[in-house]
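Let's take a walk through this fold together. Have the chain open in your viewer and follow along as we go.

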Amino acid sequence: MTDTLIDPATVSAPTYSVTQERKIVTAIPGPISAALHERRRAVVSDGVSSMLPVYIKKANGAIVVDVDGNQFIDLGAGIGVTTIGHTETSVVAAAVEQSQDFIHTLFTITPYEEYVRVAELLAEHTPGDFPKKSVLINSGAEAVENGVKIARKYTGRRAVAVLDHAYHGRTVLTMAMNYKAMPYATGFGPLASDVYHAPSSYPYHDGLTGAEAAVRTITYLDKVIGASDLACLVVEPIQGEGGFMVPADGYLPALQKWCTANGVVMIADEIQSGMARSGKYFASEHFGWIPDLVLTAKGIAGGFPLAAVTGRVEIMDASQPGGLGGTFGGNPVACAAAIAVFDAIEANNLLGEAMRIEKSLTAGLTVLKNKYDIIGEIRGHGAMMAIELVQPGTGDTTKTPNAAAVSAISIYAGQHGVLLLTAGTYGNVLRFLPSLALSDALIVDALSVIDDAIAAHAAALTESSL
């Protein structure tokens, strides 16, 4: 028997043609999607919900195509996973090549170079010029769990602090770390203990400077927990599920200064905001923040499951041999894909592309904000932007959340070929989390649909009031 191998040099992505355009050819969902949804209802837990019941057949760049042939502008990228674009050629080729060498051995049994290379790249690109080490795992929640575990081992302390409006995962520990219970924790208790929620910096609502917000947070940490019992403070530099809250200038460095002075490990949850999404490799860089540990997942491997904890050598080496790892952590195929992602960021100037997207989105969203008073604020960095919606007529005054508008707009957009993500503690934020392959032309098209959606929602409100 002879081996039949694919030459990675011949691999292109995709092997089918996906035009970078929005195109709706059936009702949404179409008949094939509807039939698949019936099959799904018989065998998939109701606890696994879907925003839009269209079933995807193929994807490339910033476009996903469903089984009925409808093409959607993807402004969610699998919640920030396909950051460099769907089926990016170099990632596909790297995964094909590695899968033909070997798919799995388990790094803690027989190691391999791909794992080491990913750790080298993380040491090079995460904030801080000090020596760093990493452990590779599978998912964002697993990265959070390991970050907490490592911090507890290093400090010998028990307590974990997070910020209001945070989201960190769906495991037993991370459910307790989330700000919102519904739907992530409701009925799944008891939750993990020794988790504390400190007030955060939310400039649009609290009006505090970074220094003022830091004093408020530190006062909580000191008085409610006590620094001597606090192992770590886990912070998203730009909060994701909470609504893309961008902290006030100076807030994060002030917290890091306090943590360092008190022997507390400060952890950056860069699971959604990292890997070039914000226009920097890691969003912490926008705020002059150099965390002790950085958590990476989502966009690191172009769609393959991979995550990491990276940080100061003395912290990472506090764990005893065998204390870190896992069966699939640092899978060689996922590692090969991650190496290709780092290469693509450099080769394709994806940091620049993220800033291009920010500029185009901000310009278009500003036009909409000037047109519709339900848009209270535009915020974010790079390809991580959001608008917070408020009640009609309130604008920047009362800032009363308008969750109904977010729901109506996202539904309308989905029906017309634009996949939007909702977010926010109060359900009143639309977040834009596209791949860096999103063109300016697609941005213009997507915003035209959102314009129509807001107008349709306003018209429906007017009609219902008559």
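## Starting point: L306

Let's begin with L306, which is found in the loop between β9 and β10 (307–312). Helices here are DSSP runs of H or I with at least four residues, strands are runs of E with at least two, and both are numbered from the N terminus. L306 is buried, with a relative accessible area of 2%; buried means under 20%, exposed over 50%, and partly exposed in between, using a 1.4 Å probe and protein chains only.

What is L306 in contact with, leaving aside its neighbours within four places in sequence? The list is V118, L136, I137, N138, A297, K298, I300, A301, G330, A334, C335 and A338, where contact means heavy atoms within 4.5 Å. L306 and A143 are 163 residues apart in sequence, yet C-alpha to C-alpha they are 9.5 Å apart in space.

## What you're looking at

A quick word on the model: it is predicted, so local features need pLDDT of at least 70 and side-chain atom pairs count only at pLDDT 80 or more, while totals for chains, interfaces and linings use all residues. Residues are numbered from 1 along each chain as its sequence is written, and side-chain values use heavy atoms, with hydrogens and water left out.

The chain is divided into domain 1 (31–88 + 349–464) and domain 2 (90–348), with bounds that come from an automatic or database domain assignment. Their C-alpha centres lie 26 Å apart. At the meeting of the two, 40 residues of domain 1 are in contact with 38 residues of domain 2.

## The seven-stranded sheet

Follow the strands in the order β4-β10-β9-β8-β7-β5-β6 and you have traced an open sheet of 7 strands with mixed pairing. Two strands count as paired if DSSP finds at least two bridges between them. β4 (132–137) and β6 (195–198) stand at the edges with a single partner strand each, so one side of each has no neighbour in the sheet. From one strand to the next, the twist averages 20 degrees.

Inside this sheet, β8 (residues 265–269) and β9 (residues 293–296) run parallel and are joined by 3 bridges. A268 stands opposite V294 in β9. Helix α8 (residues 210–225) packs on the sheet, touching β5 (159–163), β6 and β7 (230–235), and its direction makes about 145 degrees with that of β6. Axes are lines fitted to C-alpha atoms, for helices over the stretch in contact, and angles run from 0 to 180 degrees between N-to-C directions.

## The four-stranded sheet

There is also an open sheet of 4 strands, in the order β11-β12-β15-β14, with antiparallel pairing. Its edge strands, β11 (375–381) and β14 (421–423), each pair on one side only. The twist here averages 25 degrees from one strand to the next.

β12 (residues 384–389) and β15 (residues 429–432) pair in the antiparallel sense over 4 bridges, and the bridge partner of I387 is L430 in β15. Helix α12 (residues 350–371) packs on this sheet, touching β11, β12 and β15, with its direction at about 175 degrees to that of β11. Helix α13 (residues 403–415) lies across β12, β14 and β15, running at about 40 degrees to β15.

## A helix pair

How do α4 (residues 113–125) and α11 (residues 332–347) pack? Their angle is about 35 degrees, and the axes are 8 Å apart. On the α4 side the contact includes E114, Y115 and R117, while α11 brings in residues including P332, C335 and F342.

Most residues other than glycine have a negative phi, and most peptide bonds are trans. Now for some exceptions. The peptide bond from M182 to P183 is cis, with omega near 5 degrees, and another cis peptide bond joins G189 and P190, with omega about 5 degrees. P183 is found in the loop between α6 (172–177) and β6, and P190 lies in the loop between α6 and β6 too.

L106, in the loop between α3 (89–101) and α4, has a positive phi, near 85 degrees. L106 counts as buried at 17% relative accessibility. H165 sits in the loop between β5 and α6 with phi near 75 degrees, again a positive value, and H165 is buried as well, with a relative accessible area of 9%.
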